[in-house]
Amino acid sequence: MAKRTKNKRIYCLGDMIEFASKKVGDSSYNQVVNPNEQIDYVVEKLKSLKDDIIFFTDGNHEARATKEFQLDIAKIMADRLEIPYSHGFIDTFKVNDKEYV
């Protein structure tokens with residue numbers, strides 16, 4: 001997995017899984033891994049990096065589940081990783097003593 005560096009920040013900005021839907025063309029018929037397995041895979045891959053993850057949000061792929069089933073997959077993954085979840089986030093950081101927002 002990735003090597004830890006000082007002041008590393010990871011932002012999970014959505015589309016972490018496919019979550020194909022029958023309402024989106026034929027994508028659900030071409031999906032090889034089901035949503036549960038996709039969630040498990042993402043969570044497992046991110047576990048070793050969770051201390052560096054600043055926040056987790058959803059993308060349009062996860063939003064399909066929210067729209068169709070009121071199931072917030074991104075929140076489920078964030079909760080399993082015990083990291084902050086939000087639909088928006090503002091962060092401030094410094095590079096060479098210059099502050100950025």
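The model is predicted, so local features need pLDDT of at least 70 and side-chain atom pairs count only at pLDDT 80 or more, while totals for chains, interfaces and linings use all residues. Residues are numbered from 1 along each chain as its sequence is written, and side-chain values use heavy atoms, with hydrogens and water left out.

**Terms for the tour**

- Helices (H or I, at least four residues) and strands (E, at least two) are DSSP runs, numbered from the N terminus.
- Buried stands for under 20% relative accessible area, exposed for over 50%, and partly exposed for what lies in between (1.4 Å probe, protein chains only).

**The nonpolar core**

- A nonpolar core is a set of buried Ala, Val, Leu, Ile, Met, Phe, Trp, Tyr and Cys residues joined through side-chain atoms within 4.5 Å.
- The largest one here has 18 residues, and Ile17, Leu46, Phe56, Ile73 and Met77 touch the most other members.
- At least two residues of this core come from each of strand S1 (10-12), helix H2 (35-46), strand S2 (53-56) and helix H4 (73-81).
- With five residues, H4 gives the most to this core.
- Which residues is Leu46 in contact with (heavy atoms within 4.5 Å), leaving aside neighbours within four places in sequence? They are Cys12, Met16, Ile53, Phe56 and Leu81.

**Aromatic pairs**

- The structure holds four aromatic pairs; rings of Phe, Tyr and Trp (its six-membered ring) pair if their centres lie within 6.5 Å, with planes under 30 degrees apart counted as stacked, over 60 as edge-to-face and the rest as tilted.
- Tyr11 and Phe55 form an edge-to-face pair, because their ring centres are 6.1 Å apart and their planes stand at 70°.
- Since Tyr11 lies in strand S1 and Phe55 in strand S2, this pair ties together parts that are 44 residues apart in sequence.
- Phe55 is buried, at a relative accessible area of 6%, whereas Tyr11 is partly exposed at 30%.
- The rings of Phe55 and Phe89 have centres 4.6 Å apart and planes at 15°, so this pair is stacked.
- Here too, distant parts of the chain are linked: Phe55 is in strand S2 and Phe89 in the loop between H4 and strand S3 (93-95), 34 residues apart.
- Phe89 is partly exposed, with a relative accessible area of 37%.
- Through these ring pairs, Tyr11, Phe55 and Phe89 are linked into a cluster.

**Positive phi angles**

- Most residues other than glycine have a negative phi.
- Asp15, in the loop between S1 and helix H1 (27-30), has a positive phi near 55°, and it is partly exposed at 38% relative accessibility.
- Gln70, in the loop between helix H3 (60-69) and H4, also has a positive phi near 55°.
- Is Gln70 buried or exposed? Gln70 is exposed, with a relative accessible area of 76%.

**A buried glutamine**

- Gln38 is found in helix H2 and counts as buried at 11% relative accessibility.
- The side chain of Gln38 reaches the backbone nitrogen of Glu18 at 2.6 Å.
- Not counting residues up to four places away in sequence, Gln38 touches Ile17, Glu18, Phe19, Gln31 and Val33.

Key:
Contact means heavy atoms within 4.5 Å. A polar contact is a pair of N or O atoms within 3.5 Å; within protein, one must be able to donate a hydrogen and the other to accept it, and residues adjacent in sequence count only if both atoms are side-chain atoms.
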